[in-house]
Structures are given as C-alpha cells and as structure tokens.
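Student: I've got a new structure to look at. Can you walk me through it?
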Amino acid sequence: MTPRDDSESPEPRRSRWSDLDRPPLNAAALRRALVREGGLWRELDVVQRTGSTNSDLVARAAAGGGGGGGGRGGGRGLGEGVVLVAEEQSAARGRLDRKWVAPARSGLFFSVSLRPGDAGVPMERWGWLPLLTGVAVATGLARAGGVDTGLKWPNDVLVTVGGEERKAGGILAEATGDGGVVVGVGVNVSLRADELPVPTAGSLGLAGAVSTDRDPLLRAVLRGIEDWYGRWRAAGGDAGACGLQEAYAAGCATLGRVVRAELPGDRALVGEAVAVDGDGRLVLATEAGVQEPVGAGDIVHLRAG
C-alpha cells in the first residue's frame with residue numbers, strides 16, 4: 001500500500017485532535033461517572049455533529065424512543081434519563097427560535113429527557129424545569145470551572161467579561177408530545193473574543209474560568225440537574241418546599257433591576273423585578289403601584305437595582 005503524500009493536498013487534513021485547546025469529550029468516562037443503577041441518567045451518547053440535540057430527542061420521542069432499551073417511562077416514548085451531547089451543532093436553537101452558533105468543541109451542547117408527570121408532578125409546575133436547569137448549570141460551572149455566574153430570567157446564563165455582563169449560555173425546554181420534556185443546554189466554554197457571534201456574548205474562558213476542561217464541567221452540571229430534579233420531583237414540583245425557589249432567587253441577576261418585559265401580542269411592561277413566584281413567573285412592580293407576574297416573554301435589563 002502506497003502511503004498518501006499529504007503535500008499534494010491543497011490544505012492540511014484536520015482531525016478531531018487538530019485544536020489541542022479543544023480536545024473531544026470522553027464519552028466512556030462520562031458514562032462511567034454518570035450512568036449508574038438507581039440514578040437519573042440511564043443513557044449518554046456523544047455525537048460529533050448534529051443539527052440540534054433537542055430536535056433529535058424530540059424526534060426520538062415521536063418515533064417511540066429507539067435505542068437505549070426500556071428504562072423509566074414504562075417503554076413509552078423516549079423514557080426518562082437520556083442524555084445526548086454534541087461536539088458541534090449546525091441548527092441549534094434558543095428561545096423564540098433564535099440561532100445558537102459556536103465552533104466545534106468550544107462549549108457544552110446537550111439535551112436531556114425528563115418525565116416529571118410519571119412522578120405525579122402537575123403539568124402547571126413544569127415551567128420550573130428551565131429554571132431548575134439554570135440553577136444546576138450555574139452552580140456546576142462555578143464549582144468545576146471556578147467562574148462566577150448569574151441567571152437572567154428565565155433561561156440565560158450570564159458571566160462578567162471586562163466588567164460587562166455577557167450571555168454565555170441558554171436553556172430551552174420543549175414538550176415531546178408523549179408526556180415528556182426535553183431540556184437543552186448550550187454553554188460557551190472556550191470561545192475566544194474573535195469567535196463571538198455578537199458583542200453581548202461571552203464564554204467561561206473570557207470570564208476568567210480556572211478550568212475550561214469540558215468533561216468535569218459536564219459532569220458537574222449533569223449531577224446538579226440530577227440532584228435538583230430529584231428534590232423537586234420528590235416535592236411534587238413544589239419549588240418552595242424543595243428549596244429551588246430560594247436557590248433560583250439567590251442566583252438570579254434579574255431580581256432587583258428595572259426591566260422591560262416584551263410580551264406576546266407586541267405588548268411591553270416596564271417595572272422592577274421583585275420576585276419569582278411559586279409558579280416560576282417573574283413578578284414586576286410597575287409605576288402604577290401593582291405587582292404583575294410575567295410567565296412568558298423576553299426580558300431586557302435596563303439598569304441595576
């Protein structure tokens with residue numbers, strides 16, 4: 001067999017190890033650390049590239065699950081405890097169908113399947129799932145990455161870069177149609193300044209994280225989700241009783257600030273964010289002297305409190 005002469009190639013062939021600052025995730029080690037008898041996570045896969053991990057899991061649920069065997073959920077649909085991680089996504093989405101763009105292996109891009117209804121959690125309390133995930137992401141990144149993070153209601157993860165508040169991550173929850181929920185997470189880990197998609201974006205590396213090793217970061221976040229989801233589920237979805245409401249409020253950068261809520265129907269509401277209520281809604285105190293809860297919409301921070 002004649003060896004290939006790479007000098008004849010117009011450009012060098014890139015391998016999965018081409019960017020040594022961004023090594024691939026170790027799927028086998030992640031499974032050993034996270035998939036265990038009696039735990040939440042029962043299946044974990046890492047793919048090199050896909051359109052959207054959320055879309056992939058929602059499609060699997062619609063097709064009846066596929067792969068991974070039975071597990072919790074009684075064989076219906078996707079089942080609970082599936083984790084799908086991508087090294088790169090070509091069609092990632094955030095809230096309001098916003099695109100999420102990042103280079104390969106520059107962040108954490110994953111989705112998980114949950115079935116709170118199987119544990120008797122009423123559907124009206126499922127709105128806490130993105131907030132619960134936010135608490136787990138923020139605390140996991142702080143512990144494993146040594147970086148200070150904040151949460152912008154309802155689903156953004158914030159870091160400070162050069163004294164400015166920047167968005168480093170986002171969370172998207174989608175119902176699967178078979179009684180489950182898929183929660184997707186995207187976090188910029190090693191994104192460099194010249195790679196930022198917009199000036200308001202940030203990354204853990206730019207925020208001075210002591211570690212941008214994605215394996216321990218992902219383990220910490222998934223363990224955090226397992227812990228908080230277990231507490232919340234055991235409390236029947238009561239965020240106050242399990243301590244989730246207090247934990248979210250403690251880490252929420254939106255509280256105490258004057259914000260503008262851009263609501264469905266081209267409405268806008270301005271007020272001070274004073275609380276997150278028992279249903280996970282942001283409560284605004286308006287100039288009219290009333291407190292109005294906001295359950296959906298885009299929040300713009302106007303000034304610090």
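Student: In what order do the strands of the 5-strand open sheet run?
Tutor: The order is β13-β12-β11-β10-β14, and the pairing is antiparallel. Strands are DSSP runs of E with at least two residues, helices are runs of H or I with at least four, and both are numbered from the N terminus. Two strands pair if DSSP finds at least two bridges between them. This is a predicted model: local features need pLDDT of at least 70, side-chain atom pairs count only at pLDDT 80 or more, and totals for chains, interfaces and linings use all residues. Residues are numbered from 1 along each chain as its sequence is written, and side-chain values use heavy atoms, with hydrogens and water left out.
Student: Which are the edge strands?
Tutor: β13 (291-294) and β14 (298-303). Each pairs on one side only.
Student: What does the twist average from one strand to the next?
Tutor: 45°.
Student: How many bridges join β11 and β12?
Tutor: There are 4 bridges, in the antiparallel sense, between β11 (residues 267-276) and β12 (residues 282-285). Ala275 stands opposite Val283 in β12.
Student: New topic. Is β2 buried or exposed?
Tutor: Strand β2 (residues 82-86) is mostly covered, with 5 of its 5 residues buried. Buried means under 20% relative accessible area, exposed over 50%, and partly exposed in between (1.4 Å probe, protein chains only).
Student: Which residues point which way from β2?
Tutor: Val82, Leu84 and Ala86 point one way. Val83 and Val85 point the other way. In a regular strand, side chains alternate between the two faces of the sheet.
Student: What does β2 pair with?
Tutor: β1 (residues 43-47) pairs with β2 in the parallel sense over 5 bridges. There, Leu44 has Val83 as its bridge partner. β2 also pairs with β5 (residues 107-114), in the antiparallel sense over 4 bridges. Ala86 has Phe109 in β5 as its bridge partner.
Student: Now helices. At what angle do α1 and α4 cross?
Tutor: The axes of α1 (residues 27-34) and α4 (residues 214-234) cross at roughly 30° and come within 11 Å. Axes are lines fitted to C-alpha atoms, for helices over the stretch in contact, and angles run from 0 to 180 degrees between N-to-C directions.
Student: So what do we call that?
Tutor: α1 and α4 are therefore roughly parallel to each other. Angles under 35 degrees count as roughly parallel, over 145 as roughly antiparallel, 65 to 115 as roughly perpendicular and the rest as oblique.
Student: Which residues meet there?
Tutor: Leu30, Ala33 and Leu34 in α1 meet Asp215, Leu218, Arg219, Leu222 and Arg223 in α4. Contact means heavy atoms within 4.5 Å.
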